Amino acid sequence: MQRYSILWADDEIDLLKPHILFLEQRGYDITPVNNGTEAVELSDERHFDVVFLDEHMPGMSGLEALSQIKNNKPNLPVVMITKNEEEHIMEEAIGSKIADYLIKPLNPSQILLSVKKILENKRLVIEKTNLSYQQEFGKISMAFQDEMNHEQWAELYKKLVFWEIEMDQADNDEMADVLEMQKIEANANFARFIIRNYEQWLNDANAQRPLMSHQLMKRKVFPELGKGEPVFFVVIDNLRYDQWKVIEPTLSAYFSVEEESTYYSILPTTTAYARNAIFSGQLPSEMAKSSPDLWIGEDVDEGKNNFEHEFLARQLRRNNLNIRHSYNKIKNLQEGRDLADTVTNLFQNDLNVIVYNFVDMLSHARTDMAMVRELAPDESAYRSLTQSWFLHSPLLDTLRKISERKAKVILTTDHGTIRVKRPFKIIGDRNVNTNLRYKQGKNLGYEGSKVMEVPRPERLFLPKINVSTSYVFAIEDQFFAYPNNYNYYVNFYKDTFQHGGVSMEEMIIPIIFLNSKNVS
């Protein structure tokens, strides 16, 4: 067991011998001194894991010693000990970044708790996290054996995300591999669940089915209109549930979460299909039929999301909503800054839609840019990168300004992503689409059944370019690769974040209702 070294400075150090003996019996090495000057000198010359400083010592005071120790070794934990409970003393010590603050008279348990909190916190948190996850592991695995519905799948996915983030925060690698294997098993079972139920969800009005992309605005957004405050509907493209959970603490300074829930993205889980479905209130084949002037098919080499604002306008008219509204798409940093500067002008509208493309650009950039690829080599790093981006983004500035006035904020996404690891060989002609997680075309060739086959696209409300068009969706963590470029595809795309197929990460996505904390 590692032994820790503690420097303890107190002008009455002899009176503290029982406490020192108590700590030494528990494996800590204590160096006692009776003045602040010696504490500063020793802390500079030798290594200590923590310093105890009495606040009131003759000569150099504890606060003065604290300042010099922090100047020399800013990362050395210091515990301030004092008889003085005056608020300004506490504030000065806390402002100097002390690790803890103890009030005399001391008791042994109080001291031991402080030491453990500072020096052994990581080990204790890891041990507790491991034990708690081990207890939960069996319950999660048993759930796979049951016939779960869409709500239970969403809850199970949220549990897995909870444990991923717990292990991130504890910097815990010990159980990470076990959790990853359990998540792989969950996704395999989830894919079977989707293959069995997805078609029925779309065709049977009496089926127990989740809220889906094309129902989102009618069921969740439109009911919030007309309540005396503007509604801001913010769609952060490609935002997974775990990414929402890591940006939530930042938003908590400005908003309280009124409701946190999930909905299911339609297939394919791509911007062209899922996001257009949100704004049109229709499924893809319905969009292609009712709005041929807006729908851009796979056979056309053109942007698939250039008409979201018009899809939105038509959905509003179809629902007899004669309201003032705006549509704002943010594709780069400057557009984000411009929105943050002018967002207060939007409060005159009943509904303001803000589409933020950055997370989508980040995930695609990961496959194109070596630097981003290095920054996000795994799920934990991808979450961290999202958190860092959000903290410094114009989107946070925009939301902060919205929080200063009375408004309803609904935060969501159109689909998530999954880190793909296993290539799946497929053959198609040159007209087949390029997405790595689903293929649309005729005469698609592949071996094996580890895919979701859609021989009748009309049953999934998917457009058909010709009579023999079919769709194939990748499941779990697979990605499609052509045999003639197989090694290129495998080397270039393995361990990148993709979307379009069937997985919990892509399909079970957040929708959050936020209330401002800052409106007087």
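In the predicted model, strand S13 and strand S16 (residues 470-474) pair in the antiparallel sense through four bridges. Strands here are DSSP runs of type E with at least two residues, helices are runs of type H or I with at least four, and both are numbered from the N terminus. Two strands are taken to pair if DSSP finds at least two bridges between them. Within this pairing, tyrosine 438 has phenylalanine 473 of S16 as its bridge partner. The two strands belong to an open, antiparallel sheet of three strands, ordered S13-S16-S15. Its edges are formed by strand S13 (438-441) and strand S15 (451-454), each of which pairs on one side only. Neighbouring strands of this sheet are turned by 15° against each other on average, direction ignored. Axes are lines fitted to C-alpha atoms, for helices over the stretch in contact, and angles between N-to-C directions run from 0 to 180 degrees.

Residues are numbered from 1 along each chain as its sequence is written. Because the model is predicted, local features need pLDDT of at least 70 and side-chain atom pairs count only at pLDDT 80 or more, whereas totals for chains, interfaces and linings use all residues; side-chain values use heavy atoms, with hydrogens and water left out.

A second open sheet contains five strands in the order S2-S1-S3-S4-S5, with parallel pairing. Strand S2 (28-33) and strand S5 (100-103) are at its edges; each has a single partner strand, so one side of each lacks a neighbour in the sheet. Strand S4 (residues 78-82) runs parallel to S5 and is joined to S5 by four bridges, with threonine 82 opposite isoleucine 103 of S5.

Helices also pack on these strands. Helix H1 (residues 17-25) lies across strand S1 (4-9), S2 and strand S3 (50-54), and runs at about 155° to S2. Helix H5 (residues 108-119) touches S1, S2, S3, S4 and S5, and its direction makes about 180° with that of S5. Contact means heavy atoms within 4.5 Å.

The axes of helix H2 (residues 36-45) and helix H3 (residues 62-72) come within 9 Å and cross at roughly 10°. Gly36, Ala39, Val40, Ser43 and Asp44 of H2 make the contact with Ala65, Gln68, Ile69 and Asn72 of H3. By class, this contact has four nonpolar, four polar and one charged residues; Ala, Val, Leu, Ile, Met, Phe, Trp, Tyr, Cys and Pro count as nonpolar, Asp, Glu, Lys and Arg as charged, and the others, Gly among them, as polar.
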